[in-house]
Each structure stands twice: as structure tokens, then as C-alpha cells.
Amino acid sequence: WSLPNAERYALQYADGRQTYITESNRRDIKNGSILRLTTSPDQEAERLYIGIQSKNADVKTDSLKKLASLSQDVTFAQEFISRNGLKQIYAIVEEGNDAGEMLAHTLKAFTELMEHDFVSWENLSTVFIKKIVSYVNMNAVDASIQQLSMSILENMVPTSRLFFEVVRKEVTLDRLLTHLQATNAQLQLKAMALLIALLLSATDAERRGRGTGAGRWHCRASTTDMLDYLREKNIRQFIHKNIIHSSEPLRDEMAHYLYVLQSVSLNLREHRMKMSMDPYSQEQRDLLQSLRQTAFESESEAPAGAFSTERRRSLCAKEFRKLGFMNNSNPAEDLRRAPPGLLALDNMVYFSRNTPNAYSRFVLENSSREDKHECPFARSSIQLTLILCEILHIGEPCSETAQAFYPMFFGQDNFFEELFCICIQLVNKTWKEMRATQEDFDKVGERLHQEETLAVPVLELREKLKPELLELIRQQRLLHLCEGTLFRKISSRRRQDKLWYCRLSPNHKVLHYGDVEEGVQSPPIESLPEKIPVADMKMLLVGKECPHTKEKSSGKQNKDVLELAFSIVHDVEEYCLNFIAPTRYEFCLWTDGLNVLLGKEMTSERTQTDLDVLLSMELKLRLLDLENISIPDDPPPIPKPPSNLNFCYDFSQAEQ
């Protein structure tokens, strides 16, 4: 337009985040986007840099408000930071002369500027940190300031051991619990976020931390002590009643924090799970003996001199055999397998001490059965503990995206042990109902490999069924893409509240996507402004190949995110639509569906699982009439032709 001093102007999106248009993002402009002519980022950064230093309170407040809004844009943020603008932000906070709206805008601007990762968090001064901490600890402070302060501390804690120590010592756990119990949902969320950040940042060395006193939790450095203190304060009951069963729907962010709290708590059992039994440990031997004594108390009451040493040893071996130990002369050998290690012993002892009637009934019932129908308590407990560890992912690092927590975890003290107690009784009930024998332990494993020994004709039928069932899976994947999925944008440091939705058009020709607000479940396709024609899609990238995982390679990369990342390359190879799937299940369905649209094979592990299930069902249905009939590996021989064919009927003569 031949504007004079053109470098002082820029184009900016009029809607949404109002991002500046630059050479690097100009090709992302979509048809129908509304742009406006505005001051260039460098001019605006200079103006606001001067404005936030103004002696006029109104000018300063307006400048900080504008700064908080524009700082979301990476181009503007770079210009403002290059003018040493963050130093002015630090000064406003450290001087502590401003409060209310002005302080809220300052903290918001700081948060947005730091989000771009141009400046390290380690550059913050102790004075600045303590000032932020003071806003969390104060009573007479606006809730928005406390939310922003806790958000800043949450981001700060994982970046440095020093910051972790400062926050751990300065922010009292009681204060965090007060915020957690607030009626303000956003304040509650930020308090939970900071609490989780502190729990995750506790190192193995700190787990040996010392200290006592309920009011001085900051001396109690370990994760175990922190969780013990939370238990003392009945935080589990509060979460169960006021957060999980609140009248308000549970936000995705809170669901993630509850998942992390559950995961960290369950992972405290990892040490016992990986520890084999030490036959020379008196403490462990006493626990083992307590199982026998509780089950056979009356039989063990005989005075010490009543039996010889050999007779007593034989009696103990017999009792351990009744308890279901494989090596009844040395039951410690059964517990040398790790995992589940000593965790299995802990579960058995918990069951015997906390539900003694159920324990005695389990043992006595099986003692009175025929030998081959005894349900081995110890062997079942060891296997059950291992299965529970696998299901609950004990010993695995926390996912950055998972939201799947168990409400019953927060509804019950000693969740893992109580779950074991219920399950082991169900094992016994099922064992009785199916009149199982010891051999069934091995049969379970055999059934998993049963299909490997299928007869040749059945294998041929299986191959013929595959194309039809694969087409069924393809249609299911495309149907899932048409329903759409809610995705979350994740930065290199923390989870974000920013959500977007993507879905395939019913005619399978266009992918529609766009940002959505929290709480939106399935937005109509018309409300999603962005689109990619399927014909323009070139290839699918997954994991480390994705550009958004390469960008974050300099930071601490979570393996979980790599397993959930995929990208669609469209138009030319420079342009990608990047995804982080909410779950591995969604990752499999989306990557399969996109491969179908690209005309390629479905490659996810879910495809093979679904195919195996469908093949198994279809084979069983087709072979119902052959139940208990053995199918030969080779077809029967074809008989020799008859000596004459006089028995054949001539249809041509009948028609005449």
C-alpha cells in the first residue's frame, strides 16, 4: 500500500490470539481469516517498555494490561525481552509497591513471556522468588494474584534444585491445603498443580530426609513424609468428597493431577516390589511365620517340648503346603521372584491381619478339599500381586498426559492392600465355581498360545477371513475420526489449558480442526474454522520424526509424549499439523485412520490386537458345529474314480 515508514506497521489476526503475521507464519494464513493493520511488534514493545516505567498509575496499568495480552505472541515477546523488559518486570515485583490489578497484569505478563523459553528460569533472584512466595502465603491478597503466583512457582520448581528447596521451605503445606479447600475452582486447581510439582521434584536422596512435627512439614523432605502428612490432614477424604464428587464437572487438568497423586502414592511400593526375600532377615522370616501361625493357631499351640525338632519341621512344611507354597520346606524361595518380591508377602500379611476371618476361611476351605482342587493361597497371592502391579503401573514414571485415575483410590485408605483382599477372595470363589486344579495355572498360559497349534485347514480359513475383518477395522477407524477427538497443546515444560478439536468430514475428504474451550465435548464441524483437504495430505510422521518433538529435544523429553506424538505433513513438507494424543488408544486409532486415508497399511499394535480378537470370535462361530471333533492336519485322500459312469443322469434328454 506504499505506506511511509512501512517498517513501523504489521498485520495481525483480528480474532483469537491476535498473532502478528511474519515471514515465518505468513503461509499459514487461511482463506477467510480477518487481518488488521497495527503497530509493528518492535514499535509496540518499545512503547510498552516505556509505559510500564511511567509514574502515572493509569498509564502504567494500561501498559501492563496490554503487555500481558501481547506477550502471548512469540514475535512481540522476543522484541520486548531483547529490550531487557523482563528486568523491569522483576523490579515491579521486587519493589512490592504495586498491588491489585497492576500486580495481576505484571504477573500475567511475566508468565506469558517465560512461556516462550527465551530466558532461563534460573536467572530469577531469590528476592523475586520470595516475593512470589509471599503472595501465596498472604491472606488478604486477590485470588487472581495467588493463582498466578502458584502457577509461577509450579513452573519454577522442576527447573532447579535450589528453587525446589526454596519453595519447599517457604510455602507451608498447610497453606497449600487451605488453597486446595477453597471454593474458587481455579485457585484449587493451581494449589493442586503446585503440590504435584513439589511431589514430583522430590529426589531419591530426599526420601531419606529427617524431621518431625506436623507444623514443620518443610523439614520433612521425603515424598513418603509428604504423603503421610497429607494423610494425617485427611486430604484423601476431601478430594473424594469435594473434588471427585463435586457438583461441578471435573476438569481435565485436575483429572491429570489426581492421576499423578495416585501414581506417586502407588509407586512408594516399588521398593518392596523389586526386593526379593532375604532368608536371613529375621523380620521377613517373622512375617512369613505369622502367616502360618494365624492360619493354624490351634495346631501350633502345643508346647515346645511336645514335638521333636524333626517332627516340628515336618509339621511346619505341611502347614506351608496347605498355605499354597510351592517350596513348603523353604517357603522363602517362592518369594525370591521380583517383581512382585516382598510386596506379595506384605499383601498376604495384610490380608491375614486385617481380615482374619476371611483369611482363615480361605485356608480352612482349601485344606478340606481334595488335594487336586486346593486353591494355593500363596501361589495365587504372588501371581495376583504381580498382575495388580502391572494393571496399576507400579514402578513406571508418571505420564505427562494421562488423566485415568481410580475414584476408589481416593475412597479408601490402603487402596492397594484392600484391592488385593477383595481380589484374592474372588480368585478363591472363581476357583471353587470352575472346580479348578493346580494344573489350571499352567493351562492359562497355554491358552494364550493355543492358536499357534491350530490345524492347517483352520489356519487357511483364518487367512481367508483376514481381508474382510481388516476392512471392518478400517471402517471403524474412519468412523472414529469422523466423531473427532479433543487434543491438548503441551509446552516443553508443562501441560497447558489450551485445547483443540479435530474431526474428519462425513465424506472423508476434509480434516476440520480448531481451538475450543474447556468443557466442550463434541463441537459441530461448522464451528471448527481450520481445514486440511485429505487430498493435500502427503505423509504421516510419528514419535521422534515429528517436528514438535524435535523442537523440545533440548529439554527433558518425556518418553510418554514421544509415544503419543504424530504429525500430518500437507501441501509441501514444511507444513505440519502436530498432535499429542490423549492416550495410546487414541494414538493408535488416529494413526491407523490417517494411514487409511493415505492409502497405506494400518501399523499400530491396536490393529493386530483387534484383528486377533475378531478372528478368534469369527473362527469360534464358524467352528461351533465341530466342537469336540478333531480336525486332521491333512485333508482326507480323494477316492479313485468309479469303474463306469452309467449312474450319471443326462439332463439334456430330460429337458427335451
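Predicted model: local features only at pLDDT ≥ 70, side-chain atom pairs only at ≥ 80, totals over all residues.

Colleague: What makes β8 and β9 a pair?
Modeller: Two strands count as paired if there are at least two bridges between them. β8 and β9, the latter being residues 575-580, have 6 bridges and run in the antiparallel sense, so by the definition they pair.

Colleague: Why is β8 called mostly covered?
Modeller: A residue is buried when its relative accessible area is under 20%. In β8, which spans residues 565-570, that goes for 6 of 6 residues. Both ways out of the strand are covered: Ala565, Ser567 and Val569 point one way, Phe566, Ile568 and His570 the other, and all are buried.

Colleague: Why is glutamate 417 called buried?
Modeller: The cut-off is under 20%, and glutamate 417 has a relative accessible area of 13%, so it is buried. This glutamate 417 lies in helix α21, residues 415-433. Leaving out residues up to four places away in sequence, glutamate 417 touches Arg269, Asn347 and Tyr350.

Colleague: What makes α7 a mostly covered helix?
Modeller: Here 12 of the 14 residues are buried, among them Ile145, Leu148, Ile152 and Met156. Their cover includes α5, α6, α8, α9, α10 and α13.

Colleague: How do you know that the span of α7 is close to the expected one?
Modeller: The expected span is 1.5 Å times one less than the number of residues. For α7 (residues 143-156) that gives 20 Å, and the helix reaches 20 Å from its first C-alpha to its last.

Colleague: Last one: why are α15 and α18 called roughly perpendicular?
Modeller: That label covers angles from 65 to 115 degrees. The axes of α15 (residues 282-295) and α18 (residues 356-367) cross at roughly 80° and come within 9 Å, so the two helices are roughly perpendicular to each other. Leu291, Arg292, Thr294 and Ala295 of α15 make the contact with Tyr359, Ser360 and Val363 of α18. Sorted by class, that contact has 4 nonpolar, 2 polar and 1 charged residues.

Definitions and conventions. Residues numbered from 1 in each chain as written. Heavy atoms only, no water. Buried < 20%, exposed > 50% of the residue type's maximum accessible area, 1.4 Å probe, protein only. Helix = DSSP H or I, 4+ residues; strand = E, 2+ residues; numbered from the N terminus. Contact = heavy atoms within 4.5 Å. Axes fitted to C-alpha atoms, helices over the stretch in contact; angles between N-to-C directions. Parallel < 35°, antiparallel > 145°, perpendicular 65-115°, else oblique. Nonpolar A, V, L, I, M, F, W, Y, C, P; charged D, E, K, R; others polar.
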